[in-house]
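The exercises below are meant to be worked through with the sequence and the coordinates side by side. Try each task before reading its solution.

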Amino acid sequence: MIERVIGELFRMVPDASFKALAPGRSAEFGYRTSLIGNVTQAPVGPYIVFDENPAKGHAISNYTALPFERPDQQGRAPRVVTPEAQYDRNAAVRDLPADSLPPVLPTPRNIEKREGALRLAGLPAITAAPDLAAEAALASAFLAPRFGGAVDRSRALSLSVGTVDGQRSPEAYELAVDPAGIRIVGNSRTGVFYGLQSLRSLLPPPAPGAAGIVLAAVRIVDAPRFGYRGLHLDVARNFQPKASVLRVLDLMARYKLNVLHFHLTDDEGWRLEIPGLPELTDVGARRGHSLDSANWLPPAYGSGPDVDRPFGSGYFSRSDYVEILRYAAARHIEVIPEIEMPGHARAAIKAMDARARSLTAAGNAAAARQHLLSEAEDRSAYKSVQDFPDNVMNPALESTYAFIQKVVDEVVALHRDAGVPLRNLHMGGDEVPAGVWEKSPAVQAYMKANGLASVDEMWFAFYGRVEKILERHAFLSRAGRRSACARRGWTGGPRSYRIPGSRAGAGGPTSGTTCPGGAPKTWPTASPTADTRWCWRP
């Protein structure tokens, strides 16, 4: 029979009808599953556990996921995504003629082709103000290898900060290539940087034995259509080492993306070293076969039974993270770290449970309780979207907020040490399952003391406290606050609300038809309960 272990980890175990296998014999088992549309959804990372040593998992490496079929779906042909099927689809793709493509991607706002060409026999003279030293070094770094050490001082590459006509964005630039040289003007250093990225796109592919470079004369004026051009990188579920992150940043810069949303924590992993809380990485950053998640987390996404294997296990040390921040800043990319809470927090919860056990065994009961995120007496029954029954922080424990404050303080300190001040911090908020907190003695006591009628309101109480923690730091001070919104993601029941224009912790359900001061209440935008309206604190 097949049983769920935890999350998306399943096991196949013999039932009473199973007969032992003799040496050299095999058995075949069939099972039914929900609809599968991609070979990547087939079982991955299998391993065997023997009864005589249930704490040890033995990886199976020589297995193959056989092809499978899908039934017709309401008259539509089944679409199983396989490498072969994808190859056949790609065979229908036809390359566009080269002369129909823009020379720069993303497509600039204005490209003006001009007469003539620039011929470079060597590295041109690069002129730039001292505050553009980093950009000048970048230009030299990608141009010099193309000339094998040759220098051509008769041609110049001029970099400057000035005014780009008709463009107000600080990221705007003008790039002009003519027979005398190259000129890049940006409304800021960032604009100059993006002008250099466009220049890189104009360079012809390297050719062995080529003598110099020829660039067609052109004038490009460009500015972003969107101020936020982000990429989300989830290293919590599948860890990526520092070198891979730096490579991603390089590629982001080439395409003028300016925000890395760095998903550092989730149920399946905590990936950032936090001084003073070593269990977050000793336990929360490691995956392998486990009976109880006491010393490390269970396998996920095919990471297998062996602890400390790549992608399942791993974390960024303080120095790693500082290097990533500086590398991103040099490429004019903002890093927004995300710390998941109150849901999607299983890695942190299990790490703090391990810390509590260790400190209790050492006779330090007070320290053991200092950063706990769960309550031993909580009998609430719930399942997250990913089928975890124990992945939500308890919002009624003071230790929960001590933990959050510690983590926020350390993340802010990391950015300060890198010389890259933290401007934005993502504090999670999604997919809190129905049923959570309902049988928590601490939550029930909190609700009674504060006159709350439903555990639904604990989400807002939680983020009200989180907001106060963030306000201790200048980047989220009331004086300099940016507009923000909160969206409560509650799954597993008819309780999903969107909170437009509200600060985190700024709204909540109350009885009656008016808010304090007499303002009328408003409906949430999705799935309201029959008698619940909301008040918004400006």
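**Exercise 1.** Find the residue of β10 that is the bridge partner of A117, and describe how β5 and β10 run relative to each other.

*Solution.* Begin with A117, whose bridge partner in β10 is A216. Next, locate the two strands, where helices (H or I, at least four residues) and strands (E, at least two) are DSSP runs numbered from the N terminus: β5 covers residues 110–120, and β10 covers residues 213–222. Finally, count the bridges, given that two strands pair if DSSP finds at least two bridges between them; β5 and β10 are joined by eight bridges and run antiparallel. This is a predicted model, in which local features need pLDDT of at least 70 and side-chain atom pairs count only at pLDDT 80 or more, while totals for chains, interfaces and linings use all residues. Residues are numbered from 1 along each chain as its sequence is written, and side-chain values use heavy atoms, with hydrogens and water left out.

**Exercise 2.** Identify the bridge partner of A176 in β10, and decide whether β10 is mostly covered or mostly open.

*Solution.* The partner of A176 in β10 is R219. Strand β8 (residues 173–178) is joined to β10 by five bridges, again in an antiparallel arrangement. For the cover, apply the classes based on relative accessible area: buried means under 20%, exposed over 50%, and partly exposed in between (1.4 Å probe, protein chains only). By this rule, eight of the 10 residues of β10 are buried, and the strand is mostly covered.

**Exercise 3.** Which residues does I111 touch, not counting those up to four places away in sequence, and is I111 buried or partly exposed?

*Solution.* I111 lies in strand β5. With contact meaning heavy atoms within 4.5 Å, I111 touches P102, P103, V218, R219 and I220. Because its relative accessible area is 30%, I111 is partly exposed.
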